[in-house]
Amino acid sequence: MTQPIHRYPPINSRLPHFIHGADYNPEQWADMPEVWDRDVEMMKQTGCNTMTVGVFSWVSLEPEEGVFTFGWLDTIMDKLASAGIFAVLATPSGARPAWMDRKYPEINRVGGDRHRNLHGMRQNHCMTSPVYREKCRIMNTALAQRYGNHPALSIWHVSNEYSGECHCDLCQNAFRSWLKGRYGDSLDALNKAWWTTFWSHTYTAWEQIESPSPRGERLLHGLSLDWRRYTVDQTVDFFKAEAAPLRAITPTVPVTVNMMGTHYFCDYSRFAPLVDVIANDLYPSWHQDGSDMDTAAGAAFVHDLMRSLKGGQPFMLMESTPSIVNWSNVCPLKRPGMHRLSSLQAVAHGSDTVQYFQWRKSRGASEKFHGAVVDHVGHANTRVFKDVAEVGAILGKLDAVVGTAVPAETAIFFDWENWWALEEAKFLHKDKKYVETCFAHHRPFWEAGVPTDVITEDADFSKYKLLVAPMLYMVRPGVAERIEQFVAGGGTFVATYVSGQVDQTDLCFLGGFPGPLRRVLGVWVEEDDALPDGRFNELIPLPGNALGLEKSYALTEIFEISHVDTAKVLATYGKDFYAGTPALTVNALGKGRSYYIAARSEKAFLCDFYSALIRQLGLKRAIEAALPTGVSAQIRTDGRNKFLFIMNFQPTAKTIDLGRCVYVDLISGLEVSGDIELAGYGSRVLKRAD
């Protein structure tokens, strides 16, 4: 089932190295031009080879309508090129100048309450507005024409962190047109899909349909789900319009847009085919609630998601903090070693860049205390600057890793449409914990050093040995059939409680849950139960079960009462009126098998359950030795050379057994084998030829 590993080309062929850089806002220092020269010198000291410029620069590029002032950007681009530094050049649509909002107020978004926003903030524009689309076309055309052949230009960065929605009349009409396309211009089909006979909400004219609103309809789940889909489609269409002049004028320059991990309002799988490289902004909450191991596990999931969006192609860590954020409830500094560690974690999971927000701290406004490479003191003699320079030096020694792949044989489902449908559902618990559940099922593989992809329902399953689908509540057409084909061909599939309950329009499947997954799982779910916090059931393995599970495990929050059709029971409930009924089952189909976990469990069960599957399936690990608690091991490879990243997310030293294999430490150049010690928050990058 696995596919041959190969090396991907660098993001830009002119830069066959790791990209190291930051968001740079030189326009904020236009009245202090000496700062520009000092910045370029310090960039070279940190090993930064790329700067992101122009992200929020519209008013500096067009201070009044039709009057363009590119001179300052010309100077910056020339200075970067002269220093051998490349530019990720952004289009400025993420925030508009006040003159534009004043003259064209229809550009400003309308909220769900139907009130139009005033000028301010960012991502506050209507995606449908013909006026704003034309303004973006003019600006982006001018940028492409002026800088398309500039030696500094490396990548186009379109807008910034797309998000949000608009409920104006233009968007209402666009939504209705979108619905007509989706339902074949048939109100009858729409009414059936949305089950509008509920509460007498049947629509008899397209004009009656409005987007969800706190002042109107907000409990018709088919409407809410389609509104979310429409909003993503409109955002994608806006991106395509923004990118069109860049593609036409500079067809060889890569185009990307920076994403935000598991952001609820934007299905990034829809963007993946349209960008040349995935870019993500990630700010893990190091040294806050919980342990750094918990934080690292969540960051690992997001990195794996970003890498998987384009089938394993390396991605860009477009933004991270070199030190501190300013928007959290508590904003601790990164402890010594953590900047190197967190940067290398992104690389270990498939990033070919380490980039920061921001290069130099602003003097004013809301981000003046957000972390930066250059602090307000303005010189290089700071701990953070030295940390960044250390990362730059390390990345400079890792050219052999650029473009290499992560050889995943396991995939976890994370699907935005499924998430939206779950959040709308009024049952069991108000907080469904979908993201947390996906994290929990990913974590045992991460802790064991098993490379893992994170995919949607629509991804290609053929290259995996194991598929895990936490809370696959919505099953779109064709997905169950593809899962059956995967299992029948020899694959292993794991599903959990709250699976196979609704179709793509959020209508419940008839004939028993888990709906179209019933045949592959071999169970019928009769009822769902939920208990408040602090109340538990238990999972009791049957003696001699095929997974070798022996102890009982705590179950909490969500429980399903099920019956076996063709499945075999591996464990049962220990308490309540459904004691003795199936809690864990396995079903054979063709050459493969499927497991069903009927309740939310403690971490210990997932660890033991997936450890058993890892052994049975012979899933490849980064390192065969058991890893100490708090240590992660990840691999990248070109099919011949294996690059091993070992990372300690604990503040205390840990010892790792490399066995008899001899590795070369890519940072020190020394050969290592046997036991090695990692300091607190320590990390190593090792190479071994297979």
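How many of the nine residues of helix α12 (residues 416–424) are buried? Eight of them are, so helix α12 is largely enclosed by the rest of the structure; "buried" means under 20% relative accessible area, "exposed" over 50%, and "partly exposed" in between (1.4 Å probe, protein chains only). The structure is a predicted model, in which local features need pLDDT of at least 70 and side-chain atom pairs count only at pLDDT 80 or more, while totals for chains, interfaces and linings use all residues. Residues are numbered from 1 along each chain as its sequence is written, and side-chain values use heavy atoms, with hydrogens and water left out. Helices (H or I, at least four residues) and strands (E, at least two) are DSSP runs, numbered from the N terminus.

**Helix α12**

- The buried residues of α12 are Trp-416, Glu-417, Asn-418, Trp-419, Trp-420, Ala-421, Leu-422 and Glu-424.
- The cover over these buried residues includes α8 (221–249), α9 and α13 (434–448), where contact means heavy atoms within 4.5 Å.
- At the start of α12, a side-chain oxygen of Asp-415 comes to within 3.2 Å of the backbone nitrogen of Glu-417. Such a polar contact is a pair of N or O atoms within 3.5 Å; within protein, one must be able to donate a hydrogen and the other to accept it, and residues adjacent in sequence count only if both atoms are side-chain atoms.

**Nonpolar cores**

- A nonpolar core is a set of buried Ala, Val, Leu, Ile, Met, Phe, Trp, Tyr and Cys residues joined through side-chain atoms within 4.5 Å.
- The largest nonpolar core has 180 residues, of which Met-51, Trp-359, Leu-398, Phe-414, Ile-483, Leu-584 and Phe-609 touch the most other members.
- Helix α9 (residues 292–308) supplies the largest share of this core, nine residues.
- A second, separate core of 21 residues includes Leu-179, Leu-190, Trp-194 and Tyr-203.
- In soluble globular proteins, nonpolar side chains tend to be buried together.

**Open sheets**

- Six strands form an open sheet in the order β5-β4-β3-β2-β1-β9, with parallel pairing; two strands pair if DSSP finds at least two bridges between them.
- The edge strands of this sheet, β5 (255–256) and β9 (353–356), each pair on one side only.
- Within the sheet, four bridges join the parallel strands β2 (residues 50–53) and β3 (residues 86–90), and the bridge partner of Thr-50 in β3 is Phe-86.
- Another open sheet has three strands in the order β6-β7-β8, and the pairing is parallel.
- Strands β6 (258–259) and β8 (316–319) stand at its edges with a single partner strand each, so one side of each is left without a neighbour in the sheet.
- Three bridges join β7 (residues 279–281) to β8, and Asn-280 has Leu-317 in β8 as its bridge partner.

**Strand β13**

- Five of the five residues of strand β13 (residues 492–496) are buried.
- Both faces are covered: Thr-492, Val-494 and Thr-496 are buried on one side, and Phe-493 and Ala-495 on the other.
- In a regular strand the side chains alternate between the two faces of the sheet.
- Four bridges join β13 to the parallel strand β12 (residues 466–469), and Ala-469 has Ala-495 in β13 as its bridge partner.
- The chain passes from β12 through helix α14 (residues 479–488) to β13 in a right-handed β-α-β crossover; right-handed means that, with the strands pointing away from the viewer, the path from the first strand over the helix to the second runs clockwise.
- Five bridges join β13 to strand β19 (residues 592–597), also in parallel, and Thr-492 stands opposite Arg-593 in β19.

**Two buried residues**

- Asn-124 lies in the loop between α4 (98–103) and α5 (130–147) and counts as buried at 6% relative accessibility.
- The side chain of Asn-124 reaches the backbone oxygen of Gly-120 at 3.5 Å.
- Leaving aside neighbours within four places in sequence, the contacts of Asn-124 include Arg-96, Ile-107 and Asn-117.
- His-303, in helix α9, is buried with a relative accessible area of 3%.
- His-303 and Gly-261 are 42 residues apart in sequence and 8.0 Å apart in space, C-alpha to C-alpha.
- Not counting residues up to four places away in sequence, the residues that His-303 touches include Leu-282, Leu-317 and His-349.
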